[in-house]
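Subject: Structure handover

Hello,

Here is the structure we talked about. Please open it alongside this note; my findings follow below.

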Amino acid sequence: MFKPESIDLIFLDLDHTLIFGSYKELPELNLMFKYGSWLWVYERPGAIDFARRVCQIAPTFVYTTAMKDYATQAVSELAFKPQNIFTRENCLRVGDAYRKSAKHVGHKVTCSTLIVDDSPEVWSVEEIETCSLLAPKRWMGEYDDSVLYEVMSHLR
Ligand SMILES: [Mg+2]
């Protein structure tokens, strides 16, 4: 496990790491916003505190394969201030899939770079093997999820 004081750059994912977009209403969860008329976007338990804590550790960039307006709204609802928000248009397109690359957005991954992402496989293998990785279990809207609280206890 990395030490927070050794980290100088962070890439933070949104979907399934901090939020979940559901096509049906899930009343037991914390609704952040409705995207269009069909998608309910929920806060993962502890996500607001988690995002704030992450930003205290080092300069933080959101990096998501989602659309820009969706990501911007999610960050606003999560009430934190990343240095920038990289979205689908900042991803590499490989067939039908979107891949993330720090290099592609003008950054170099070192062992002091922390990637927080439930899906490490969307990153380049080279960057994932170089960075410090925090891969919280993929959140699919389970109301009793406590993963971010567990992770936070290691970030103090
Ligand atoms: Mg994700």
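Two strands count as paired if DSSP finds at least two bridges between them. Strand β1 (residues 9-12) and β9 are joined by four bridges and run parallel. Please keep in mind that this is a predicted model.

First, the overall picture. The protein has four helices and ten strands. Their order along the sequence is β-β-β-β-α-β-α-β-β-β-β-α-β-α. The radius of gyration is 15 Å, close to the 15 Å that the globule rule gives for 156 residues, so the protein is as compact as a globular protein of that length. Its C-alpha trace spans about 40 × 40 × 25 Å along the principal axes. Of the 156 residues, 33% count as buried. Take the contacts between residues at least 6 apart in sequence: 54% of them join residues at least 24 apart.

Now to strand β9, which covers residues 113-116.

Are the residues of β9 buried or exposed? In a regular strand, side chains alternate between the two faces of the sheet. In β9, T113 and I115 lie on one side, with L114 and V116 on the other. All four are buried, and both faces of the strand are covered.

Best wishes

Terms used
Residues numbered from 1 in each chain as written. Predicted model: local features only at pLDDT ≥ 70, side-chain atom pairs only at ≥ 80, totals over all residues. Buried ≥ 20, exposed ≤ 12 C-beta atoms within 10 Å, placed from the backbone. Helix = DSSP H or I, 4+ residues; strand = E, 2+ residues; numbered from the N terminus. Rg over C-alpha atoms; globule rule 2.2 N^0.38 Å. Contact = placed C-beta atoms within 7 Å.
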